[in-house]
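Visitor: Could you take me in for a close look at one buried spot, and then walk me outward from there through the rest of the packing? I'm happy with plain talk and numbers.

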Amino acid sequence: MSVLHHKPMDILGLKQDIVKNFQRKIDERNHDKAKWMTEENLERVSACPICGSSTQHADAIMDLTNTRYVCCRQCQHVYLLKRLTRDALERYFKSDLNVNCMYADPEISQKRIEEVAKPKLNWAIDQYKNQYGEVPESILDIGSGAGHFVQAAREYGLAADGIEISESSRTDCKKLFGFDLINTNFYESDLDLTQYDLITFWGVLGLIYSPTDMLSKAFDCLRHSEKGMLIASVPKWNSFGTSVQNIHTDTIIRHMNVLGHIHIYSESSLATAFVNAGFSPCGAWYYGMDIYEFLMQLSYLSNIPSLPEKTAQYINPLQMTIDHAGLSDEIALAGTI
Ligand SMILES: [Zn+2]
């Protein structure tokens with residue numbers, strides 16, 4: 001098992017929109033929560049979505065309006081006890097027009113390719129080379145947003161496609177990069193998606209109704225390849241960023257936003273999900289935005305808008321310490337078939 005720590009990047013440059021408009025983003029999230037987290041849109045979960053252990057064997061670890069996060073004693077997966085129904089969740093994602101608006105800016109977009117998509121692609125290729133001694137011939141990216149990762153893979157010379165259910169994101173991709181993302185729901189899709197060597201879920205498995213269904217579908221697609229690999233990145237509960245957000249539950253717009261993340265993983269629950277779907281974990285990567293989160297909350301609390309920029313020099317060195325300690329708010333895992 002290969003393990004990498006840290007991913008340096010210019011977070012404030014990428015997040016200009018949020019740094020300048022934090023209050024507006026908080027208001028938007030709170031408005032969305034009030035609109036969507038209503039009784040008719042919610043259902044109660046009876047078992048851990050990863051290992052199936054009853055919710056009677058889960059402990060409440062964070063209370064929020066109308067719901068709470070619980071932690072499974074069996075696999076340490078953290079999940080919402082009451083969450084949007086499958087139908088409401090699909091309607092929410094199709095309607096969430098604000099989600100990618102900043103990614104559609106051409107200047108930010110290029111920065112995002114260099115600082116986010118290319119490091120992810122390079123790590124994915126390294127993982128593939130470690131296992132199979134060559135680069136993958138083809139990649140399918142699920143939940144591509146505005147298509148930055150797919151574009152980075154195409155620039156590298158790989159045959160890459162992406163799936164995206166949000167119409168506004170597909171439109172942004174076409175505008176920015178000139179190609180179409182596939183409009184299909186991966187889990188239910190009857191398209192032939194068996195020609196790929198590598199399937200990626202960047203930041204998707206925390207958001208979706210059933211991660212286990214998605215991973216089983218990915219295994220079904222990849223088992224046709226002799227050299228199949230799956231890569232997924234997820235929000236991680238045991239992190240510095242979680243502690244920060246646990247203190248500031250009214251101003252959460254990142255990984256513990258209940259409309260975004262139904263699932264927050266432990267290393268154990270992510271590995272369990274991989275193994276149960278048929279994948280053998282072979283590489284992990286710890287990285288995150290914990291220090292950025294901390295500075296944003298401090299800035300908001302102290303009413304010093306310039307604080308993140310004035311303390312920007314601390315972000316990467318402190319984040320590196322967090323990542324090396326395994327306390328980052330994100331983890332990526334690679335697995336072979
Ligand atoms: Zn569990």
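Guide: Glutamate 293 is buried, because its relative accessible area is 4% and the cut-off for buried is under 20%. This is a predicted model, so read that value as computed from predicted coordinates. Glutamate 293 belongs to helix H11, residues 290–302. Look for glycine 241 as well: 52 residues separate it from glutamate 293 along the chain, yet their C-alpha atoms are 6.5 Å apart.

Now for the nonpolar packing. The largest nonpolar core has 38 residues, and the members that touch the most others are Leu140, Ile142, Phe186, Ile199, Phe201, Leu205 and Leu230. Strands E4 (67–72), E7 (138–142), E9 (198–202), E10 (229–235), E12 and E13 (330–336) each give two or more residues to this core, and so do helices H8 and H10. H8 gives the most, with five residues. As a general point, nonpolar side chains in soluble globular proteins tend to be buried together.

On to the rings. You'll find eleven aromatic pairs in the structure. One of them joins tryptophan 36 and tyrosine 92 edge-to-face, with 5.5 Å centre to centre and 70° between the planes. That pair links distant parts of the chain, since tryptophan 36 sits in helix H3 (residues 22–36) and tyrosine 92 in helix H4 (residues 86–95), 56 residues apart. Both tryptophan 36 and tyrosine 92 are buried. Another edge-to-face pair is phenylalanine 219 with phenylalanine 279, at 5.4 Å centre to centre and 80° between the planes. Here too distant parts of the chain are linked: phenylalanine 219 is in helix H8 (residues 211–222), while phenylalanine 279 is in the loop between helix H10 (267–277) and strand E12 (280–287), 60 residues away. Phenylalanine 279 counts as buried because its relative accessible area is 2%, whereas phenylalanine 219 is partly exposed at 22%. Back at the tryptophan, Trp36, Tyr92 and Phe93 make up one aromatic cluster.

Arginine 83 lies over the face of tyrosine 209, 4.1 Å from the ring centre. Arginine 154 does likewise over phenylalanine 179, at 4.1 Å from the ring centre.

Last stop, helix H7, residues 167–177. Its buried residues are Ser169, Arg170, Asp172, Cys173 and Phe177. Look down the H7 axis and these buried residues fall within an arc of 160°, so they line one face of the helix. Turned away from that buried side is the face with the exposed residues Glu167 and Lys175. Helix H5 (106–132) and helix H6 (148–156) are among what covers the buried residues of H7.

Methods: Residues numbered from 1 in each chain as written. Heavy atoms only, no water. Phe/Tyr/Trp six-rings, centres within 6.5 Å; stacked < 30°, edge-to-face > 60°. Helix = DSSP H or I, 4+ residues; strand = E, 2+ residues; numbered from the N terminus. Buried < 20%, exposed > 50% of the residue type's maximum accessible area, 1.4 Å probe, protein only. Lys NZ or Arg CZ within 6 Å of the ring centre and 35° of its normal. Arc of directions from axis to C-beta. Contact = heavy atoms within 4.5 Å. Core = buried A, V, L, I, M, F, W, Y, C linked by side-chain atoms within 4.5 Å.
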